[in-house]
Amino acid sequence: MDFQTALGLTLPVAFAAAAIGSAIALGKAVSTAMESIARQPEAAGKIQTSMIIGAAFIEALTIYALLTVLILQGKLGG
């Protein structure tokens, strides 16, 4: 197995793992934030702001994974 074949097989699997991890993390973050808001409605603004910032960081990691995949796909066309 050469480098291009290994890369071609690994890129989709790696990106799928990043997307699944991101989906799990976002689900956990939103679920926990909703539970926190239900317990303390007066702190909803602070909780929501923190959740949105955290969700942005989680999404940024997925976008970095996508960019890495796109860059490495250029190595396939040898």
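**View 1. Leucine 26 in helix α1.** Leucine 26 belongs to helix α1, residues 3–39 (helices, H or I of at least four residues, are DSSP runs numbered from the N terminus). The model is predicted: local features need pLDDT of at least 70 and side-chain atom pairs pLDDT 80 or more, while totals for chains, interfaces and linings use all residues. Residues are numbered from 1 along each chain as its sequence is written, and side-chain values use heavy atoms, without hydrogens and water. Beyond residues up to four places away in sequence, leucine 26 touches Ala55, Ile58 and Glu59 (contact: heavy atoms within 4.5 Å). Its C-alpha atom is separated by 7.1 Å from that of isoleucine 58, 32 residues apart along the chain.

**View 2. Serine 22 in helix α1.** Serine 22 also lies in α1 and is buried, at 7% relative accessible area (buried is under 20%, exposed over 50%, partly exposed in between, with a 1.4 Å probe and protein chains only). Leaving aside neighbours within four places in sequence, serine 22 contacts Ile58, Glu59 and Thr62.

**View 3. Buried residues and kink of α1.** Leu7, Leu11, Ser22, Leu26 and Ala33 are buried in α1, and their cover includes α2. A kink of about 25 degrees occurs at threonine 10, shortly before proline 12; the bend is the angle between axes fitted to the seven residues ending there and the seven starting there.

**View 4. Leucine 66 in helix α2.** Leucine 66 is located in α2, residues 44–73. With 35% relative accessibility, leucine 66 counts as partly exposed.

Key. Helix = DSSP H or I, 4+ residues; strand = E, 2+ residues; numbered from the N terminus.
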